[in-house]
Amino acid sequence: MRTLQLAVIGLLILFNAMASAKRVELNWNITYTFANPDGMNERRVIGVNGKWPPPIIEVNQGDQLVINAFNSLDEGTSLHAHGFFQRGTNYYDGAASVTECGIPPNNSYTYEMDVTQSGTFWLHSHYMAQYVDGLRTPLISHPAQEYYQYDEELIVMLEAWYHRESKEIHDQLLSTSEEIRTAPFRPYMLVNSRGGEDLNRTTIRFEPGKTYRLRLLNVSGTGMVRFGIENHTMHVIEVDGVDTEIKSVNSMQLSVGQRASVLVTAKDTAEFNYAYHADIFTDIQSGVARADLPFSSIIEYSQGASLVNSTNSTVDWDFFQDVDLVPMEKLPLPGVHKWVPLEVHTSIFDDHREHLAFNNRTYEMPLVPTLTTALTTGYQAYFSDVYGFKSHPIILDPMEDVEVAIFNKDINSHPFHLHGHNFFIKERGSLDHNPANLTQAGKYPIRRDSITVPPLSYAIVRFTADNPGIWLFHCHMQFHKEQGLALTFIEAPFKIINSTKLPDQYKSNCDLMGIPNEGNAMGRKGLDLPDAPRGPFPLEGF
C-alpha cells in the first residue's frame with residue numbers, strides 16, 4: 001500500500017511539474033576575470049559575463065534549461081550539468097572529446113536541457129581541469145512538491161580552492177621530475193566562493209526555531225570535505241538528486257562531486273552562536289603526506305553572542321555510511337548481465353610520469369569525440385577497437401544490467417562519478433575481506449551518481465543500460481582524471497545511431513577546432529588506427 005501511495009504521489013508531482021513547465025534561457029559569456037575569494041591571493045579565474053563567481057541556477061522540474069554559451073577564453077571550453085541524465089540529448093552532456101569537441105574561442109554552443117529530475121546538482125566546465133579555475137556553480141531543480149517541510153533553504157557550496165591555476169597544477173603532477181611532482185601544495189576552504197580568516201565572509205545565519213534545508217555541495221577539484229555543526233543534529237533527506245528517508249547524523253563527508261541535503265532545526269533562542277566545520281582531506285599526491293586541513297566558521301544566531309564549543313568539539317567524525325540510506329522511490333536492485341571489475345592503481349609508468357589507471361590502462365582523450373565515432377562508423381560502432389584503446393571503451397547492450405566492482409588498491413580515496421545514470425550501491429567492504437568492514441544494502445538500495453571508495457577498499461554498484469549514449473565513468477578528483485583514471489561506457493551503439501541527430505553547432509565547432517566530423521578515434525575509417533597509442537604502462541617495482 002505504501003509503495004502504491006508513493007507511486008500516486010510521484011505521478012501527481014510529475015503532472016504538476018509538466019503543467020507549470022517553462023523555458024529558462026541564460027546568456028553566458030564565459031570570460032577571464034580576477035578574484036581574491038579568501039583575501040589572501042588574487043588570481044585569474046573563469047567567470048560569466050565578466051563576473052565571478054558564476055550565477056547560481058535555479059529551475060523547476062519539467063522546465064527546459066537553455067544556456068547560450070559564448071567562449072571568450074583563449075582555449076576551448078564546455079559545460080556539464082553534473083547529475084543530469086541528458087536522456088536523448090547526449091550531445092549536451094558537455095564532456096569535451098567525448099560528447100562534443102568543445103566550444104572554440106570566440107564561438108558559441110547552445111545547451112538545451114530538459115529538466116526531468118529534481119534535487120541538488122551543479123554545472124561545471126568539462127574541458128581539461130578548467131572548472132578548478134572557477135567555472136562551476138550550483139544547479140538546483142525544485143519539484144512541484146517536496147517530501148519534507150522546512151522554513152528556508154540555504155546553499156552551502158564547499159570548495160578546496162587553489163591559489164594556482166589548474167594548468168600549473170596539472171603540469172606539476174604530470175612532471176617527469178619526482179622533486180617537482182611531489183612538491184607540496186595546499187588548498188584553502190571556500191564556502192559559497194568566500195573564505196579566509198574573516199569569519200564574517202563564511203558565517204551562516206540562523207533564526208531561532210526555524211528548520212533549514214542545507215544543500216551541501218562539494219565542487220572542489222580535489223579533496224573530501226567533512227561537514228558538521230556543533231550541538232546540532234543533521235537529518236539527511238537527499239543525496240545526489242535522490243530523495244531519501246531521514247537519516248540523522250551529526251557529521252558527514254562529501255567527496256568531490258557529491259551533494260546532500262540535510263534538515264537542521266535551529267535552537268529556540270539566540271543566546272549563543274555555534275561553530276560549524278568544513279575540514280578538507282587532500283588525497284592527491286602520492287609520496288606526500290595527506291593533509292587534514294581544518295576549517296571552522298560560525299552559525300550565527302545573534303551578532304556578538306558567545307560561541308559555544310569553540311575549542312572542544314562535540315562532532316563525531318565517523319565515516320558517513322551511505323549504503324544504509326533508503327530512497328523514497330523504492331526500486332529493486334538490478335540483476336547482473338555484465339560484470340565490469342576495475343582495479344585502481346597509482347604508479348610510475350614507463351613515460352616516467354605518475355598516472356592513475358583502471359586495470360593498468362590510462363585514459364587519454366581521443367582526437368575525435370567518442371559520440372562522433374559511434375554515429376559515423378556504421379556496424380563497426382559495436383567494435384570497441386574503433387574508439388581507440390586509450391578511451392578505455394566498454395560496450396553495453398540495450399537494457400543490460402551492469403555490475404561495476406571497484407577495487408581501490410591505492411593509498412588514496414577516490415570519488416567515482418558516472419555520467420548519464422544513477423547507480424545502485426550494493427555493497428562496500430575492505431580488500432582484506434574483514435567482515436567487520438562489510439556493509440550491504442537492504443531491499444531497496446540507495447542510488448547515487450558519485451561514490452567514495454576509501455583506500456584499500458572496494459565498492460560494488462549496479463545500473464541498467466537504459467540511456468543510449470556515450471557516458472564517462474571517472475574519478476572526480478579532477479587531476480586524477482587528467483592523470484588517466486577514467487573509462488567510457490558505449491551504451492547501445494545502434495540505438496545511438498538511430499535516435500541521435502547532432503545540432504549544427506556541434507559539427508561547426510569541430511570544424512573550427514580542426515577535428516574531423518567522422519571516423520574512428522583517430523579520424524580514419526573503420527578499424528584503421530595506425531600507431532594508435534596503447535601505453536604508457538606501469539614500471540616494475542613502482
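This is a predicted model: local features need pLDDT of at least 70, side-chain atom pairs count only at pLDDT 80 or more; totals for chains, interfaces and linings use all residues.

Colleague: Let's start with threonine 372. Buried or exposed?

Modeller: Threonine 372 is buried, at 1% relative accessibility. Buried means under 20% relative accessible area, exposed over 50%, partly exposed in between, with a 1.4 Å probe and protein chains only.

Colleague: Where does threonine 372 sit? And what does threonine 372 touch?

Modeller: Threonine 372 is in helix 4, residues 370-376. Helices (H or I, at least four residues) and strands (E, at least two) are DSSP runs, numbered from the N terminus. Leaving aside residues up to four places away in sequence, threonine 372 touches Tyr506, Pro516, Asn517 and Glu518. Contact here is heavy atoms within 4.5 Å.

Colleague: Now the sheets. What is the order of the seven strands in the open sheet?

Modeller: The order is 11-10-9-13-18-15-16, with mixed pairing. Two strands pair if DSSP finds at least two bridges between them.

Colleague: Which strands stand at the edges?

Modeller: Strand 11 (194-195) and strand 16 (242-249). Each has a single partner strand, so one side of each lacks a neighbour in the sheet.

Colleague: How do strand 15 and strand 18 pair?

Modeller: Antiparallel, over four bridges, between residues 234-239 and 259-265. Histidine 235 has leucine 263 of strand 18 as its bridge partner.

Colleague: And the four-strand sheet, what order there?

Modeller: That open sheet runs 2-1-4-6, and its pairing is mixed. Strand 2 (43-48) and strand 6 (108-114) are at the edges with a single partner each, so one side of each has no neighbour in the sheet. Neighbouring strands are turned by 20° against each other on average, direction ignored. Those angles use axes fitted as lines to C-alpha atoms, for helices over the stretch in contact, and run from 0 to 180 degrees between N-to-C directions.

Colleague: How many bridges join strand 4 and strand 6?

Modeller: Seven, in the antiparallel sense. Asparagine 68 is bridged to threonine 110 in strand 6.

Colleague: What about strand 14, how many of its residues are buried?

Modeller: Six of six, across residues 224-229. Met224, Arg226 and Gly228 are buried on one side, and Val225, Phe227 and Ile229 on the other. Six bridges join strand 14 to strand 19 (residues 272-281), antiparallel. Phenylalanine 227 stands opposite alanine 278 there. Strand 14 also pairs with strand 17 (residues 252-254), antiparallel over three bridges. Arginine 226 has glutamine 253 as its partner in strand 17.

Colleague: Switching to the backbone. Which peptide bonds are cis?

Modeller: Tryptophan 52 to proline 53 is one of them, with omega about 5°. Proline 53 lies in the loop between strand 2 and strand 3 (57-60). Glycine 535 to proline 536 is also cis, with omega near 5°. Proline 536 is in the segment after helix 7 (504-512).

Colleague: And histidine 352, what is its phi?

Modeller: Near 65°, a positive value in a residue other than glycine. Most residues other than glycine have a negative phi. Histidine 352 is in the loop between strand 23 (338-348) and strand 24 (354-358), and is partly exposed at 49%. Alanine 492 has a positive phi too, about 55°. Alanine 492 is buried at 1% relative accessibility.

Colleague: On to charges. How many salt bridges?

Modeller: The structure holds 30. A salt bridge is a side-chain nitrogen of Lys or Arg within 4 Å of a carboxyl oxygen of Asp or Glu. Lysine 22 pairs with aspartate 63, the closest N and O atoms being 3.1 Å apart. Lysine 22 is in the loop between helix 1 (2-19) and strand 1 (23-35), and aspartate 63 in the loop between strand 3 and strand 4, so the pair ties together parts 41 residues apart in sequence.

Colleague: Is that pair buried or exposed?

Modeller: Lysine 22 is partly exposed at 42%, whereas aspartate 63 is buried at 2%.

Colleague: What else pairs up?

Modeller: Glutamate 152 forms a salt bridge with lysine 210, with closest N and O atoms 3.2 Å apart. Aspartate 528 forms one with arginine 524, at 3.6 Å. Salt bridges with shared partners also join Asp240, Arg259, Asp322, Arg428, Arg448 and Asp449 into one network.

Methods: Residues are numbered from 1 along each chain as its sequence is written. Side-chain values use heavy atoms; hydrogens and water are left out.
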